Amino acid sequence: MELLFPLLLVALLVPMFLGVRRQKREAEKVADMQQNLKVGDRVTTTSGLLGTVVEVDETTVDLEIAEDVVTTWLRAAIREVRADDTTEDTTATPETAAATPVEDKPAPAVKEESVEDTNSRLTKE
């Protein structure tokens, strides 16, 4: 009975200590990633915005979020550097492109809304 309290303390403190160490490692990994950003990296911000790094300062990063649209973010707002999976498709050689069959699927038809339909939808009568 005398050893029950110290054993209970150890059983509660060890998982807490291991959890704090794991959090510290993850925070160091994120801080290292934010410090090693370079121009051309495709990133995701903490708010979910996708962009490409076009300029890096000490505390800020300029992201191109659309063609000729550049926004400035704090480095701390960068959640992750995304793997660029589109480079595999664009660097295909003619031999590999001919070897992979491409199915021609028709694009889904999109009906464009008329001005009258838009006005009637937006006005509440």
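Trainee: Which pattern does the protein chain follow when read along the sequence?

Mentor: Welcome! Read along the sequence, this predicted model follows the pattern α-β-β-β-β-β-α-α-α. In the protein chain that gives four helices and five strands.

Trainee: How should I read the confidence of the model, and what does the protein chain average in pLDDT?

Mentor: Start with the general idea: where pLDDT is low, the predicted coordinates should not be read in detail. Here the protein chain averages a pLDDT of 82, and 79% of the residues score at least 70.

Trainee: Which elements have the lowest and the highest mean pLDDT?

Mentor: Helix α2, residues 86-90, has the lowest mean pLDDT, 46, while strand β2, residues 50-56, has the highest, 95. Over residues 87-92 the pLDDT is below 50, and this stretch has zero contacts in the model beyond near neighbours in sequence.

Trainee: Now a helix, please. What span should helix α1 have, and how far apart are its end C-alpha atoms?

Mentor: The idea is to count 1.5 Å a residue. Helix α1 runs over residues 4-35, so its 32 residues should span 46 Å. The end C-alpha atoms of α1 are 47 Å apart, which agrees.

Trainee: Which residues are buried in α1?

Mentor: Gly19, Met33 and Gln34 are buried in α1. The buried residues of this helix pack against β5, which covers 78-81. Take glutamine 34 as a case: the residue has a relative accessible area of 12% and counts as buried because the cut-off is under 20%.

Trainee: With which residues is glutamine 34 in contact, leaving aside its neighbours within four places in sequence?

Mentor: Glutamine 34 is in contact with Arg75, Ala76 and Ile78.

Trainee: And on the surface, which residues form a nonpolar patch?

Mentor: Phe5, Leu9, Leu13, Met16 and Val20 form that patch, and together they have about 490 Å² of accessible area. One of them, methionine 16, has its place in helix α1.

Trainee: How many salt bridges does a search of the whole structure find?

Mentor: The general idea is that side chains of opposite charge can pair when their charged atoms come close. In this structure the search finds two salt bridges. One joins the side chains of glutamate 26 and lysine 29, at 3.8 Å from N to O. Both residues lie in helix α1, three residues apart, which is about one turn of the helix. Glutamate 26 is partly exposed, with a relative accessible area of 42%.

Trainee: With which residue does aspartate 41 form a salt bridge?

Mentor: The partner of aspartate 41 is lysine 38, and their closest N and O atoms are 3.2 Å apart. Aspartate 41 is buried, at a relative accessible area of 11%.

Trainee: Let's turn to the strands. Where is threonine 60 found?

Mentor: Threonine 60 is found in strand β3. Its relative accessible area is 17%, so threonine 60 is buried. Leaving aside neighbours within four places in sequence, threonine 60 is in contact with Thr72, Trp73, Leu74 and Arg75.

Trainee: What lies in the loop between β3 and β4?

Mentor: Aspartate 68 lies in that loop, between β3 (60-66) and β4 (69-74). Its phi is near 65°, a positive value in a residue other than glycine.

Trainee: Is aspartate 68 buried or exposed?

Mentor: Aspartate 68 is exposed, with a relative accessible area of 69%.

Trainee: And what about valine 69: in which strand is its place?

Mentor: Valine 69 has its place in strand β4. At 36% relative accessibility, valine 69 counts as partly exposed. Leaving aside neighbours within four places in sequence, valine 69 is in contact with Leu63 and Glu64.

Trainee: To finish, what share of the residues in the protein chain is buried?

Mentor: Buried residues make up 14% of the 125 residues. As for contacts with a separation of 6 or more, residues 24 or more positions apart account for 37% of them.

Key
Residues numbered from 1 in each chain as written. Predicted model: local features only at pLDDT ≥ 70, side-chain atom pairs only at ≥ 80, totals over all residues. Heavy atoms only, no water. Helix = DSSP H or I, 4+ residues; strand = E, 2+ residues; numbered from the N terminus. Expected span 1.5 Å × (residues − 1). Buried < 20%, exposed > 50% of the residue type's maximum accessible area, 1.4 Å probe, protein only. Contact = heavy atoms within 4.5 Å. Patch = residues over 30% accessible without salt bridge, like charges linked within 9 Å, V, L, I, M, F, W, Y side chains within 5 Å. Areas by Shrake-Rupley, 256 points an atom, 1.4 Å probe, with all protein chains shown as cover. Salt bridge = Lys/Arg side-chain N within 4 Å of Asp/Glu carboxyl O. pLDDT = per-residue confidence, 0-100.
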